[in-house]
Amino acid sequence: MRLQDKKALVTGASRGIGKAIADRFIAEGAEVWGVGTKEPDGLAERISEANGRLHWICADLGLLDQVETLVEDLIKEADGFDVLVNNAGITRDNLSFRMNFADFQKVLDVNLSAPFIIARTVGRAMIRQRRGSIINMASIVGIHGNGGQANYAAAKAGVIGFTKSLAQEAASRGVRVNAIAPGFIATDMTGAMTDEAREKTLSLIPLKRMGTPDDIAGTALFLASDESAYITGQVIPIDGGMFM
Ligand code: NAD
């Protein structure tokens, strides 16, 4: 029970990586406020299995002018969070030369601006509490770039930048801020890849498999718990050794 009685806000908790993180946190004793664009299938069962320690909020985090108020209301409802996982994210892939600006902007809104607004709103309250762990979901693409993903790479590079800046600003107040940079993880997001692209990517992974959402949840749990009490401002790649 590494998160006994801790309260966590997890965005994008309906499926994939965010769901695995929310489930793992609950299994380790946390109470979780999950956010997603819509109610996930089987929500009632998830809440009952969690003995009521899962709360669900439907919200579009791309509506930037509503995000701060939404988060402030959640902080009041929870009476403060110990952990924030900024996980919600989208892709709108295309070659830069063909990408329309709306798709560039949309990915920046959801993947960079919303996480920043959420992190600073939750971070402010954590600073008042003198404790907290913020975990931002970046990507190896934010470190290395990726053809066809200029919008996504720019957003994730931005996430890494604000993670390190916020970590410097908040460290002396007992708040830690880190990022996880997943590689190639089997979720709906990567489900749309062609077989050819999948084979090509797999051939670049020394551990010879795609990652699973649970591979990411284990590190999120570590960063959320006191086991990582001396770690802040870091970006942890979880990519099967793809970049070493
Ligand atoms: P996914 O598509 O399976 O799930 C995305 C989640 O984000 C869903 O719960 C969805 O409801 C939520 N979401 C999307 N837009 C939202 C919005 N506007 N408002 C509120 N919620 C919204 O994706 P995933 O693969 O689980 O990815 C989770 C995170 O991990 C993302 O930030 C993604 O960029 C990152 N990531 C994923 C991979 C991968 O290979 N799957 C690799 C690197 C980074």
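## Around the ligand

How far is an oxygen atom of the ligand from an N or O atom in the side chain of Thr37? The separation is 3.2 Å, inside the limit for a polar contact (a pair of N or O atoms within 3.5 Å; within protein, one must be able to donate a hydrogen and the other to accept it, and residues adjacent in sequence count only if both atoms are side-chain atoms). Backbone atoms take part as well: a polar backbone atom of Gly12 is 3.2 Å from an oxygen atom of the ligand, and a backbone N or O atom of Gly183 lies 3.3 Å from a ligand oxygen. The protein buries 95% of the 830 Å² that the ligand exposes when taken alone (Shrake-Rupley method, 1.4 Å probe; for residues, only the protein chains shown count as cover).

A word on the model before going on. This is a predicted model, where local features need pLDDT of at least 70 and side-chain atom pairs count only at pLDDT 80 or more, while totals for chains, interfaces and linings use all residues. Residues are numbered from 1 along each chain as its sequence is written, and side-chain values use heavy atoms, with hydrogens and water left out.

## Who lines the shell

The ligand is surrounded by 30 residues (each with a heavy atom within 4 Å), and the closest are Ser14, Leu61, Asn87, Tyr152 and Thr187. By class, the shell has 14 nonpolar, 12 polar and four charged residues (nonpolar: Ala, Val, Leu, Ile, Met, Phe, Trp, Tyr, Cys and Pro; charged: Asp, Glu, Lys and Arg; polar: the others, Gly among them).

Helices α1 (16-27), α6 (150-170) and α7 (188-191) each supply at least two shell residues, and α7 gives the largest share, three residues. Helices here are DSSP runs of H or I with at least four residues, strands are runs of E with at least two, and both are numbered from the N terminus.

## Helix α4 and what follows

Helix α4 covers residues 101-129, 29 residues in total. From first C-alpha to last, α4 reaches 40 Å, close to the expected 42 Å (1.5 Å times one less than the number of residues). A kink of about 40° in α4 is centred on Asp109 (the angle between axes fitted to the seven residues ending there and the seven starting there).

After α4 comes Arg130, with a positive phi near 65°. Arg131 lies in the loop between α4 and β5 (132-137).

## Thr163 in α6

Thr163 sits in helix α6, and its side chain makes a polar contact of 2.9 Å with the side chain of Asn136.
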